[in-house]
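Colleague: Could you walk me through this model, one feature at a time? I would like to learn how to read each of them.

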Amino acid sequence: RSSDLNSMRKALIFDGDWVIVRQQSKAEDGDIAVVSVGFEVMLRRLYFDDDGTVDLTPENLELPVVKVPVDHVTIFGKAVAVYRNVV
């Protein structure tokens, strides 16, 4: 979806950037991570709630926050750097 291409723009991650991800199955509150819910894979900032859910938050106010049970989310890794070719 074209809107997902700009889902992290407030975090200065844009379409065409390379995101370097450290492979790990856990993330801390506020981390940007590669996650999947069902068959959809996305890059989102994670906020864990005390009620056993996690908010998958895009860094774009035009897109909705998705709240899902923690056990429905697979974490593939944490974003640690962004590479952008400027030439």
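Modeller: Let's start with Leu12, which sits in the segment before E1. Keep in mind that this is a predicted model.

Colleague: What is the phi of Leu12?

Modeller: Leu12 is not a glycine, and still its phi is positive, about 65 degrees. A relative accessibility of 56% puts Leu12 in the exposed class, because exposed means over 50%.

Colleague: How many helices and strands does the chain have?

Modeller: There are 0 helices and 6 strands, so the order along the sequence reads β-β-β-β-β-β.

Colleague: How should I read the pairing of E2 and E3?

Modeller: Look at direction and bridges. Strand E2 (residues 32–37) and strand E3 (residues 40–48) run antiparallel, joined by 6 bridges. The two form a hairpin with 2 residues between them, and Val37 faces Glu40 in E3 across the pairing. In the turn, Gly38 has a positive phi of about 65 degrees.

Colleague: Which strand does E2 join through 5 bridges?

Modeller: That is E6, again running antiparallel to E2. Ser36, for example, has Thr74 in E6 as its bridge partner.

Colleague: And where do side chains point in a regular strand?

Modeller: In a regular strand they alternate between the two faces of the sheet.

Colleague: Which residues make the nonpolar surface patch?

Modeller: Trp18, Ile20, Val80 and Tyr83 make a patch of about 450 Å². Strand E1 (18–23) and strand E6 (73–83) each contribute at least two of the patch residues. Val80, for instance, belongs to E6 and is partly exposed, with a relative accessible area of 40%.

Colleague: Now the charged pairs. How many salt bridges are there?

Modeller: The count comes to 6 salt bridges. To read one, check the distance between the N and O atoms, then ask where the partners lie along the chain. Glu62 and Arg9 form one of them, with the closest N and O atoms 3.1 Å apart. Glu62 lies in the loop between strand E4 (53–57) and strand E5 (66–69), and Arg9 in the segment before E1, so the pair ties together parts that are 53 residues apart in sequence. Glu62 is exposed at 63% relative accessibility, while Arg9 is partly exposed at 35%.

Colleague: What about the salt bridge of Asp17 and Arg84?

Modeller: Here the closest N and O atoms are 2.7 Å apart. The pair connects distant parts of the chain, with Asp17 in the segment before E1 and Arg84 in the segment after E6, 67 residues apart.

Colleague: Is Asp17 buried or exposed?

Modeller: Asp17 counts as buried, because its relative accessibility is 16% and the buried class lies under 20%.

Colleague: Which residues are linked in a network of salt bridges?

Modeller: Asp49, Asp55 and Lys67 are linked in that way. Asp49 is in the loop between E3 and E4 and Lys67 in strand E5, 18 residues apart. Asp49 is partly exposed at 25% relative accessibility, and so is Lys67 at 48%.

Colleague: Finally, how do I judge the overall fold?

Modeller: Compare the radius of gyration with a rule for globules. A compact globule of 87 residues would have a radius near 12 Å, and the 13 Å of this chain agrees. Buried residues make up 34% of the chain. Of the contacts between residues at least 6 apart in sequence, 53% join residues at least 24 apart.

Notes: Residues are numbered from 1 along each chain as its sequence is written. This is a predicted model: local features need pLDDT of at least 70, side-chain atom pairs count only at pLDDT 80 or more; totals for chains, interfaces and linings use all residues. Side-chain values use heavy atoms; hydrogens and water are left out. Patches are made of residues with over 30% relative accessible area and no salt bridge: like charges are joined within 9 Å, nonpolar side chains (Val, Leu, Ile, Met, Phe, Trp, Tyr) within 5 Å. Accessible areas come from the Shrake-Rupley method with a 1.4 Å probe; for residues, only the protein chains shown count as cover. A salt bridge is a side-chain nitrogen of Lys or Arg within 4 Å of a carboxyl oxygen of Asp or Glu. Helices (H or I, at least four residues) and strands (E, at least two) are DSSP runs, numbered from the N terminus. Buried means under 20% relative accessible area, exposed over 50%, partly exposed in between (1.4 Å probe, protein chains only). The radius of gyration is taken over C-alpha atoms; the globule rule is 2.2 Å times the number of residues to the power 0.38. Contact means heavy atoms within 4.5 Å. Two strands pair if DSSP finds at least two bridges between them.
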